[in-house]
Amino acid sequence: MDLRFTEEQEILRQTARGFLAAECPKTLVRELEQSEKGYSPELWKKMAELGWMGLIIPEEYGGIGYTFQDLTVLLEEIGRNILPGPFVATTTSTFPILEAGTEEQKKGLLPEIAQGDLILTTALLESDGVFDASGIAIKAAPKGDAFIINGTKLFVDMAHVAGHIICVTRTKEGTAPEKGITLFIVDSATAGISCQVMPTTAQDKLCEVRFENVNVPKKNVLGTIDEGWAIVEMILRKGAIARCAESIGAIQTCVEMTVAYAKERVQYERPVGAFQALQHIMADMWTAMETSRYLVYEAAWMESNGLPCTKEASMAKAYVNEVYRNVSKWAVRLHGAIATSNDHDIPLYYRRSKAADTAFGSTDFHREIVAGQIGLV
Amino acid sequence: MDFSLTDEQKSRSREFYDTCKNLSKKRPPSLVGFEAIYELDECWEYNMYCAEEFAKKGWLALGWPPEYGGSGDMMDRVLFAEARGYYGTPGADIFGVQMLAPTLLQAASEEIKREFLPPIARGEVMWCELWSEPNAGSDLAALATTAIRKGDEYVINGQKTWNTGAHRAHWGFGVFKTDPAARRHHNMTFLLLDMKTPGITIRPIPYLDGSAPYCEVYFDDVRVPAKNIVGQEHEGWAVVNLLAGFERSGINEIMSMMRGLEQLVAFCNETKRRGQPLAKDPLVRNRLAQLACELAAARALAYRVADLQNRNEMSLMDASAGKIFFSELGERFAFMAGDILGPYGQVRTSRWAPLNGIWEKMFHEHFITTISMGTNEIQRNIIAWYGLGLPRMR
């Protein structure tokens, strides 16, 4: 047991921290919230040059072949600075290609992703808004050498700028909802696809994507026909840990900003941070951060080493969802009225706690997984 | 980053678990909760028996230097604590083995180490802690009990309180005011004393559940050899701080809760309400799952603390955070389990009590961890002042 980061990971962290501090000021974050694209293509290109998009892609496909845990180190820094854009969407959609893609699919997509030339996303949720297989109704019907997809996906992260969309479809009505699920890699320029950005709390460009008679060649099936749900579970598991790592960084910023402000802000002729009523809340914020941190690191370590961690990933997500929301709420309250102004940085974090909470499975969704994993019948 | 154990550690861990499991076969059914060992004779005898068995394997001296009979390292100590916590096995004296021994190793003279460490390692001598006083709780430095040097003895007069198991303990360690004229924090001395010394009167305090594991200890001209000192005369505060640092990562309590959760899950699977297992009730599932998440978070943080301590690095903030978290988790767990058990949650150990009445016991025992070892409010001050650097109000 050694819970320190490797030297390589420390370098990655320092590089990312310096880069993001310089390149992603909060003025840019606000600007991107209002912009149509929701990300900065120039910044995206620079991130690609640092190797970030290729971080988890093996060298033979143009990446640098780092581990999942290395990725979470980077994500923690991204979360610290709440960098907007399609980084999580792209990386979490890269994993299914790495793990379930054909050689042709890998060769065709991975080098482009690593170069920063291809943005990916995964279209999972539909009108039910649930993360289990019962929510998948969108149909993909075989027709000759292709499938025809019809239906609507919702909450698809950055779909409006994605070059390809991994679409989770129903190809067979079976007894169990998990049976008959098939994933397709869909070129978003295909005729019949339309996309509209939904107005969300974090203004993070979640999209409605409509598929009207969209023709997708059979070779674009990702994994095995009718047996795609296992891939979705993998995406949810990795995505949950990834978003948790991001949240840890955001939680840390909330704690640091609040403590710094409490030392500075004077009322009753003393810094408000001298009052125990506030000190104890800050101690609780710090405690919540540390309990989250090692829970997430442990899940990331297990995932990174190929150990089964369905339970640990769900535990981390269910727990961190609430911690991020609570800590950012307290950050607003301890700042006082000033942090309810949209000009303040803390609300940027508070609003993102809502996005983090629903992405890759809500608290109750993951708790139900945990309930099964701890042996409840 | 690596959360894994080496093969050697895994096999050590298995040995710890197997031994505690075997010992649990002789466990008296009346031993419910953490403090019952101090209550009933059969429980105290079981405590001494477990101590003897652990001593035979050298496990009461884990992490000690070999010259004092030690073996293994800090990680072994953590793994041993996990196994004991899981099976609720007593025998590794909280005060002697877990707190005093590491303190002596760092702060005591060679003579004191040679005299007091071997009986701890043999599991023969059980200790109690003589710190708090009626007017010195969280503000321990406000203590008033004096130990005045007369020749080669100290003469102690005054009162200590909340002394766990003082009526069972063979020896006690405490801090006493030795220089009443000196300034705060430089006026007290850390002393070791035989609890059979004339002039000591011990009175159990009735605890809120009707048991009496804690005592008041009165001192009336109690004479202690001056050689029984740890650290420097009048500088006992430094020893107090050192010893407080050895007050556990919480792994023992966390593993005890892990087992409690497993047993509660089994209970919910087996017990039918409204024609179906309790385990099918979505509310029960949600609450148990939430608790499991928090327990996993507590355990991960305890490993963090252990990992830091293994490398002799400071763990002040994380240790305080861990203590706050696992102890308040204990509260939540006790209340939640009580809710799930419904009216049975109030039944004391008897034929009507599910799970041998553990959750009725826990309704009272959770206060042990939130209040002792530095109240959680003091722990929050530690994080705020020493960790976050917030101004200390005077």
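Analyst: Here is a walk through the contact between the chains, followed by the chains behind it.

First, some ground rules: this is a predicted model, where local features need pLDDT of at least 70 and side-chain atom pairs count only at pLDDT 80 or more, while totals for chains, interfaces and linings use all residues. Residues are numbered from 1 along each chain as its sequence is written, and chains are lettered from A and ligands numbered from 1 in the order in which they are written.

Let's start with the contact as a whole. Chain A puts in 38 residues and chain B 41 residues, where two residues are in contact if their C-beta atoms, placed from the backbone, lie within 7 Å. On the chain A side, the elements that give two or more residues are α7 (229-264), α8 (276-304), α9 and α11 (363-373). Helices here are DSSP runs of H or I with at least four residues, strands are runs of E with at least two, and both are numbered from the N terminus. The most comes from α8(A), with 14 residues. Sorted by class, the chain A side has 22 nonpolar, eight polar and eight charged residues. (Ala, Val, Leu, Ile, Met, Phe, Trp, Tyr, Cys and Pro count as nonpolar, Asp, Glu, Lys and Arg as charged, and the others, Gly among them, as polar.)

Now zoom in on one helix pair. Helix α9 of chain A (residues 310-335) packs against helix α8 of chain B (residues 282-310) at an angle of about 95°, and their axes are 9 Å apart. Axes are lines fitted to C-alpha atoms, for helices over the stretch in contact, and angles run from 0 to 180 degrees between N-to-C directions. So α9(A) is roughly perpendicular to α8(B); that label covers 65 to 115 degrees, with under 35 called roughly parallel, over 145 roughly antiparallel and the rest oblique. Who's touching whom? From α9(A) come A:Met315, A:Ala318 and A:Tyr319, and they meet B:Ala292, B:Cys293, B:Glu294, B:Ala296 and B:Ala297 in α8(B). Seven of the residues in this helix contact are nonpolar, none is polar and one is charged.

Stepping back to chain A itself, its secondary structure comes to eleven helices and ten strands. Its C-alpha atoms fill a box of roughly 80 × 50 × 40 Å along the principal axes. A domain assignment (automatic or from a database) divides chain A into domain 1 (7-117), domain 2 (122-227) and domain 3 (230-373). The C-alpha centres of domains 2 and 3 of chain A lie 30 Å apart, and 13 residues of domain 2 are in contact with eleven residues of domain 3.

Among the strands of chain A, β7 (residues 206-217) has two partners worth a look. Strand β3 (residues 146-157) runs antiparallel to β7(A), joined by nine bridges, with A:Ala146 opposite A:Pro217. Strand β6 (residues 193-198) also pairs with β7(A) in the antiparallel sense, over six bridges, and there A:Cys195 has A:Val209 as its bridge partner. For strands to pair, DSSP has to find at least two bridges between them.

As for chain B, it has eleven helices and ten strands, and its C-alpha atoms fill a box of roughly 75 × 50 × 45 Å along the principal axes. Its domain assignment gives domain 1 (7-92), domain 2 (128-244) and domain 3 (251-387). In chain B, 32 Å separate the C-alpha centres of domains 2 and 3, and four residues of domain 2 are in contact with four residues of domain 3.
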